[in-house]
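Work through the exercises below with the sequence and the 3D structure open. Try each task before reading its solution.

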Amino acid sequence: MRIATFNINGIKARLPRLLEWLDETRPDVACLQEIKTSDETFPIKDIEGAGYGAIWHGQKGFNGVAILARGDMPVEVRRGLEGEPEDEHSRYLEADVKGVRVASIYLPNGNPQPGPKFDYKLRSMERLRRRAAEIWADEVPAVLAGDYNVIPRDVDTFSVKAMADDALMQPESRAAYRRMLNDGWTDAIVSRHPAGGVWTFWDYQANSWPRDAGFRIDHLLLSPAAADRLIDAQVDKDFRGREKASDHAPTWVELRPA
DNA sequence: ATGACGTCCCTGGGACGA
């Protein structure tokens with residue numbers, strides 16, 4: 001089964017691209033981020049028309065996450081991360097889908113750093129880590145998929161120099177991500193492409209896509225029971241080059257049937 | 001470099017993103 005994550009940067013502006021991607025690649029599960037729409041305006045009819053059941057956690061204007069399941073209905077486990085009751089950003093949704101625990105995650109960008117947005121980013125990463133530990137304790141096959149807004153290693157960006165002052169690449173951001181790996185989670189793309197050079201994001205600006213100036217910030221972290229079943233992990237890179245594309249490309253894992 | 005580019009909001013420009 002294939003589980004994908006895709007920061008679509010506005011589900012309304014991107015709807016033709018999303019439906020096209022679902023039709024062409026037929027992921028079993030699709031975790032979406034930055035749907036940028038309220039719960040009331042989520043285009044569920046179009047999603048259902050493509051053959052997917054869905055749950056979503058929307059927010060007017062920005063953020064927002066969803067989980068889609070082909071020919072199935074995700075069973076919601078949790079929406080939002082604990083630890084900050086006053087946090088109203090829609091950035092986390094978790095469900096059981098086709099025998100796998102799946103989370104759709106949109107961690108904060110954190111720029112500019114230093115500053116309150118960067119502090120919020122780091123706190124959010126620690127809140128995610130705490131939830132991940134609870135999922136780990138359940139010993140279920142789990143895939144924590146989403147836009148982590150972290151460039152984990154120097155080989156995960158076209159230019160270390162260009163990104164040096166960015167929140168995505170600060171030592172604190174990397175340390176927070178590495179703590180989850182140290183907890184035992186497997187970075188699926190790294191396990192299949194250890195040498196790096198795999199990008200999931202290309203900025204709209206500065207001619208980034210034509211000159212392949214991208215970096216890797218969309219990640220799928222696997223629990224041991226999921227990592228044991230890992231067959232492949234890849235990026236649907238060509239979708240970044242299409243008309244009215246998102247600035248992210250879909251990223252996915254293929255798991256052996258249980 | 002208060003830049004670029006794009007989406008959202010609700011109207012001409014601000015908020016936000018990476």
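**Exercise 1. A helix pair**

Which residues in H3 meet which residues in H5?

Solution. Note first that this is a predicted model, in which local features need pLDDT of at least 70 and side-chain atom pairs count only at pLDDT 80 or more, while totals for chains, interfaces and linings use all residues. Residues are numbered from 1 along each chain as its sequence is written, chains are lettered from A and ligands numbered from 1 in the order in which they are written, and side-chain values use heavy atoms, with hydrogens and water left out.

Step 1. Find the two elements: H3 covers residues 116-138 and H5 covers residues 171-182. Helices (H or I, at least four residues) and strands (E, at least two) are DSSP runs, numbered from the N terminus.

Step 2. List the contacts, where contact means heavy atoms within 4.5 Å. From H3 come Phe118, Lys121, Leu122, Met125, Glu126, Leu128, Arg129 and Ala132. They meet Glu172, Ser173, Ala176, Tyr177, Arg179 and Met180 of H5.

Step 3. Sort these residues by type: eight are nonpolar, one is polar and five are charged. Here Ala, Val, Leu, Ile, Met, Phe, Trp, Tyr, Cys and Pro count as nonpolar, Asp, Glu, Lys and Arg as charged, and the others, Gly among them, as polar.

Step 4. Compare the directions. The axes of H3 and H5 lie 10 Å apart, at an angle of about 5 degrees. Axes are lines fitted to C-alpha atoms, for helices over the stretch in contact, and angles run from 0 to 180 degrees between N-to-C directions. H3 and H5 are therefore roughly parallel to each other; the cut-offs are under 35 degrees for roughly parallel, over 145 for roughly antiparallel and 65 to 115 for roughly perpendicular, with the rest oblique.

**Exercise 2. The nonpolar cores**

Which residues have the most contacts inside the largest nonpolar core?

Solution. Step 1. A nonpolar core is a set of buried Ala, Val, Leu, Ile, Met, Phe, Trp, Tyr and Cys residues joined through side-chain atoms within 4.5 Å.

Step 1. The largest one has 30 residues, and Ile3, Val143, Val253 and Leu255 have the most contacts inside it.

Step 2. Apart from this core lies another, of 20 residues, including Ile11, Leu32, Phe239 and Trp252. In soluble globular proteins, nonpolar side chains tend to be buried together.

Step 3. Take Val253 as an example. Not counting residues up to four places away in sequence, Val253 touches Met1, Arg2, Ile3, Ala188, Leu220, Leu222, Leu230, Asp232 and Ala233.

**Exercise 3. Thr251**

Where is Thr251 placed, and which backbone oxygen does its side chain reach?

Solution. Step 1. Thr251 belongs to strand S14, residues 251-255.

Step 1. The relative accessible area of Thr251 is 0%, so Thr251 is buried.

Step 2. Its side chain reaches the backbone oxygen of Ala249 at 3.3 Å.

Step 3. Among the residues that Thr251 touches, beyond four places in sequence, are Ile3, Thr5, Asp218 and Gln234.

**Exercise 4. Backbone details in loops**

Which peptide bonds are cis, and what is the phi of Asn9 and of Lys36?

Solution. Step 1. The bond from Asn111 to Pro112 is cis, with omega near -5 degrees. The bond joining Gln113 and Pro114 is cis too, with omega about -5 degrees.

Step 1. Pro112 is in the loop between strand S7 (100-106) and H3, and Pro114 lies in the loop between S7 and H3.

Step 2. Asn9 is not a glycine, yet has a positive phi of about 55 degrees. Its loop runs between strand S1 (2-7) and helix H1 (15-25), and Asn9 is buried at 14% relative accessible area.

Step 3. Lys36, also not a glycine, has a positive phi of about 50 degrees. Lys36 sits in the loop between strand S2 (29-33) and helix H2 (44-49), and counts as partly exposed at 28% relative accessibility.

Terms used. Buried means under 20% relative accessible area, exposed over 50%, partly exposed in between (1.4 Å probe, protein chains only). A polar contact is a pair of N or O atoms within 3.5 Å; within protein, one must be able to donate a hydrogen and the other to accept it, and residues adjacent in sequence count only if both atoms are side-chain atoms.
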